[in-house]
Amino acid sequence: MIMHPKIFVAGHRGMVGSAIVRQLLAQGHPAERIVTRTHAELDLTDQAAVRAFFAAERPDQVYLAAAKVGGIHANNTYPAEFIYQNLMIEANIVDAAFRNGVKKLLFLGSSCIYPKLAPHPMREDSLLTGALEPTNEPYAIAKIAGIKLCESYNRQYGETHGVDYRSVMPTNLYGPGDNYHPENSHVIPALIRRFHEAKVNQAPSVAIWGSGMPRREFLYVDDVAAACLHVMNLPLSTYSQRTQPMLSHINVGCGHDITIRELAGTIARVVGYAGDIAFDPTKPNGMQRKLLDSTRLNSLGWQPQVGLVAGLETAYQDFLDNHTAQPRGTTA
Ligand SMILES: NC(=O)c1ccc[n+]([C@@H]2O[C@H](COP(=O)([O-])OP(=O)(O)OC[C@H]3O[C@@H](n4cnc5c(N)ncnc54)[C@H](OP(=O)(O)O)[C@@H]3O)[C@@H](O)[C@H]2O)c1
C-alpha cells in the first residue's frame, strides 16, 4: 500500500474540487502529493493533452470533479456544450487514467441522472428506469455515461489490472466557492445574495417565485468532500458488498428535505434580513420534490456533519469575503 498516494484532483478550483483538496489536507495528506491543473493549464476536453499529462504525472488516484456545470438557463441555451464537454472530460480522464496505471478513481455525477418521475426518495436503482427531465437531459446523459465508463473499465480491467473506479451522485450542494451570479446561480447562493442586498438597501420585501412549497435537499460542500474521500477509501470488498458491477454509483445526501419557504426564512435569519418574504404562486414552482435516498452510503459508515444553519453561516461569510466589497462586520 502507498503511504501517501499521488492524487490528481480534476476541477480543483471549482466548489467541489476545492472542498476535496481542503478535505485531503485536513486529513493529513501532504500538499506536495496533490496534483492540480487549472483549465488554462490543461483543457480536459483535449485528449492528447490529457494523455500527456497523465503520462508525465502518473498519479495513483483521481478525483474527477471537473465538469461544465450550470443552471436550467445555461443547460437549455448550450446543450451541445454541456453534452460534448462533459463526455470528453470523463472519457479522456478515465481512459488516460487506465492507460497510465491509475487503480483508483472517483467520478462525481449529480442527482439529475434520475428519471423525472422517479419515486422519492430516489434510490440508486431508479437509474435508467424512465425519461429524464428534458431541460438538462444532455448533461444528465453525459453524467450517466460517466458512471457507465467507470463500471465498464472495472468490468473489463478490474481483475486483470486492478482497476477500481467508483461514482458518487451528490444532492444540491452549497458552501464556500459557490456561484453567486445574480441570474445564473442555484437557490441558496441566489437567496443569500438577494437577502443580503435587501438588507443593505433596507428593502421592505423580497419576492420569491413560486408557492415556496416545493421541497429540496441540501448538503454542505465539505460534507460531500468528506463523503468522496470516504467512498474512495472504502476497502474493495466492502464497496462490492453494497454495490453491483452495473449498478455501482452511490447517492450522497443529508437524507431530509425542506420547503423553499423554510429555506428562505432560515437564510433571511442567517443574513440578518428582517423584512417580508413574499411568495408569488403565479410563477412556476419546478419539481415538487427532489430527495435522494442515501441509505447505501449511510450503511457504508458515512453521515453528514454540518447542519443547515452552520453551513449557511459559513456560506454567507464566504459571500461577504469574496463576493462583496464589504466584510461582514461593516454591513448594515
Ligand atoms: N454544485 C452542486 O450543487 C453540485 C451538485 C451535485 C453534483 N455536483 C457535481 O460536482 C462536480 C463539480 O461541480 P462544482 O459545483 O464544483 O462545479 P464548478 O464550481 O463549476 O467547478 C467545475 C470545475 O471544472 C473545471 N472545468 C470545467 N471544464 C473544464 C475543462 N474543459 N478543462 C479543465 N477544467 C475544466 C472548471 O474550471 P473553469 O471554471 O475554469 O472552467 C471548474 O473549476 C460536477 O460534476 C457536478 O455535477 C455539483
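Okay, let's start out in a loop: Leu128 sits in the loop between β4 and α5. Quick word on those labels: helices (H or I, at least four residues) and strands (E, at least two) are DSSP runs, numbered from the N terminus. Before I go on, this is a predicted model, where local features need pLDDT of at least 70, side-chain atom pairs count only at pLDDT 80 or more, and totals for chains, interfaces and linings use all residues. Residues are numbered from 1 along each chain as its sequence is written, and side-chain values use heavy atoms, with hydrogens and water left out.

Back to Leu128. Its phi is near 65°, a positive value in a residue other than glycine. Is Leu128 buried or exposed? Leu128 counts as exposed, because its relative accessibility is 59%. The cut-offs there: buried is under 20% relative accessible area, exposed is over 50%, and partly exposed is in between, with a 1.4 Å probe and protein chains only.

The loop between β4 and α5 also holds Pro121. A cis peptide bond joins His120 to Pro121, with omega at about -10°.

Gln202 also has a positive phi, about 55°, although it is not a glycine. You'll find Gln202 in the loop between α6 (187-200) and β7 (205-209). With a relative accessible area of 68%, Gln202 is exposed.

Now the ligand. How many residues surround the ligand? There are 24, and the closest are Met15, Val16, His39, Tyr139 and Lys143. By class, the shell has 13 nonpolar, 8 polar and 3 charged residues. In that scheme Ala, Val, Leu, Ile, Met, Phe, Trp, Tyr, Cys and Pro count as nonpolar, Asp, Glu, Lys and Arg as charged, and the others, Gly among them, as polar.

Let's go through the polar side of it. A polar side-chain atom of Lys143 is 2.6 Å from a ligand oxygen atom. For His39, a polar side-chain atom lies 2.8 Å from an oxygen atom of the ligand. Ala67 comes in through its backbone, with a polar atom there 3.4 Å from a ligand oxygen atom. Taken on its own, the ligand has 880 Å² of accessible area, and the protein covers 80% of that. Those areas come from the Shrake-Rupley method with a 1.4 Å probe; for residues, only the protein chains shown count as cover. Which elements give two or more residues to the shell? They are α1 (15-26) and α5 (137-161).

While we're in α1, look at Ile20, which is found in that helix. Ile20 is buried, with a relative accessible area of 0%. Leaving out residues up to four places away in sequence, Ile20 touches Val9, Tyr63, Ala65, Leu108, Ala225, Cys228 and Leu229. Touching, or contact, means heavy atoms within 4.5 Å.

On to the cores. The largest nonpolar core has 41 residues, and Phe8, Leu44, Phe54, Ile93, Leu105, Tyr153 and Tyr165 touch the most other members. A nonpolar core here is a set of buried Ala, Val, Leu, Ile, Met, Phe, Trp, Tyr and Cys residues joined through side-chain atoms within 4.5 Å. Elements that each supply at least two residues of this core include β1 (7-10), α2 (47-57), β3 (61-64) and α4 (79-99). Which element gives the most to this core? That's α5, with 8 residues.

Not counting residues up to four places away in sequence, Ile93 touches Phe8, Ala10, Leu44, Val50, Phe54, Val62, Leu64 and Leu105. There's also a second, separate core of 33 residues, with Val16, Leu24, Tyr63 and Val231 among them.

A few more stops. Lys104 lies in strand β4. The side chain of Lys104 makes a polar contact with the side chain of Asp164, at 3.4 Å. A polar contact is a pair of N or O atoms within 3.5 Å; within protein, one must be able to donate a hydrogen and the other to accept it, and residues adjacent in sequence count only if both atoms are side-chain atoms.

Leu87 is in helix α4, and at 32% relative accessible area Leu87 is partly exposed. Apart from residues up to four places away in sequence, Leu87 touches Ala142 and Ala145.

Last one: Tyr220, in strand β9 (residues 218-220). Tyr220 is buried, with a relative accessible area of 6%.

Definitions and conventions. Near = heavy atom within 4 Å.
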